[in-house]
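Subject: Structure handover

Hello,

Please find the structure below. My notes on it follow.

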Amino acid sequence: MTFEDITYAVEDSAAVITINRPERYNAFRAKTVEELIKAFRLAWADKQVQSVILTGAGEKAFCTGGDVKQRAETGDYGPSESGMFEIGNLHKLIRDIPKPVIAAVNGVAVGGGHVLHVLCDVSLASETARFGQAGPKVGSFDAGFGSAYLARVVGEKKAREIWFWCRMYDAQEALGMGLVNKVVPADQLLKEAKEWAAEVAEKSPTAIRFLKQSFNADTDHQAGYSNMAMTALDLFTASPEGLEGASAFAEKRKPDFNQHVNWH
Ligand SMILES: CC(C)(COP(=O)(O)OP(=O)(O)OC[C@H]1O[C@@H](n2cnc3c(N)ncnc32)[C@H](O)[C@@H]1OP(=O)(O)O)[C@@H](O)C(=O)NCCC(=O)NCCSC(=O)CCC(=O)c1ccccc1C(=O)O
């Protein structure tokens, strides 16, 4: 299978999936998400693969979420084979694949890109990684797993701080709040991720499959919120308030949301 926005490689027991749009700080468009779904399904089906490593190309970014420039240009996330923008299905797939998913966070993880690492089973971070949500700054939000599951990971107070204030946190702060499992020097990150992959490959795949499904069962109801959240996001991103956020980012200016709010 050939990909344009990602790369896929199987190395020993691990599938390494790399988001490969460094010129856009690895932001995803509809095609990127479609390719990620195909790659995760390949990894699921491959008996050699015992775990998946998700990372970003280059040293700057892991993933910066939805491609805000694309959204400013066309009002959507661009074309895909299916004609759909399937970010909700990608979230479910990262949870449902019965193999550990290891995020190797090599740079900025923000917005929908932050959500991706939060949904991975474990997150390893380079010392240069930065973390945050940016939706309320750029006319977007993830009111599904992006908010509810984040609160399970870092607690309600911190999750609300992260989403409402849209601050960025460094790798040590992320470690302190339980957002990542380990911080390593940037040039050691992939090696570290492969060591975690090799170590988990020695364990019983069936035990891990049951355990992952068991951990998930407690929060699977959040998939319902996720469905609603994606419908809401479709409406919001096409609204004057949502478009103001994307335009302001593309034009490198401060957004002025208040002129567009018409509810009390
Ligand atoms: C990532 C930054 C903090 C990096 O800042 P800095 O180091 O100062 O570099 P910059 O000069 O700003 O950026 C370098 C270069 O990359 C381009 N770029 C960065 N991010 C994006 C992006 N997301 N889309 C397109 N292009 C991007 C940037 O324009 C620069 O290009 P130049 O040509 O050199 O000018 C900072 O860049 C930043 O804050 N980026 C925006 C991040 C962002 O807002 N992401 C989307 C947030 S949406 C959200 O928070 C929740 C929504 C969500 O989770 C979701 C759920 C379901 C579907 C979709 C989404 C979704 O993410 O929208």
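Predicted model: local features only at pLDDT ≥ 70, side-chain atom pairs only at ≥ 80, totals over all residues.

**The nonpolar core**

The largest nonpolar core holds 65 residues, and Val52 and Ile102 have the most contacts inside it. Such a core is a set of buried Ala, Val, Leu, Ile, Met, Phe, Trp, Tyr and Cys residues joined through C-beta atoms within 7 Å. A residue is buried if 20 or more other C-beta atoms, placed from the backbone, lie within 10 Å of its own. Helix H1 (residues 30–45) supplies the largest share of this core, six residues. Helices (H or I, at least four residues) and strands (E, at least two) are DSSP runs, numbered from the N terminus.

Residues are numbered from 1 along each chain as its sequence is written. The protein averages a pLDDT (the predictor's confidence in each residue, from 0 to 100) of 96, and 100% of the residues score at least 70.

**The sheet**

Six strands form an open sheet with mixed pairing, in the order S1-S2-S3-S5-S7-S10. Two strands pair if DSSP finds at least two bridges between them. Strand S1 (6–11) and strand S10 (182–184) are the edge strands, each pairing on one side only. Strand S2 (residues 14–19) pairs with strand S3 (residues 51–56) in the parallel sense over six bridges. Alanine 15 has valine 52 as its bridge partner in S3.

Regards

Definitions and conventions: Buried ≥ 20, exposed ≤ 12 C-beta atoms within 10 Å, placed from the backbone.
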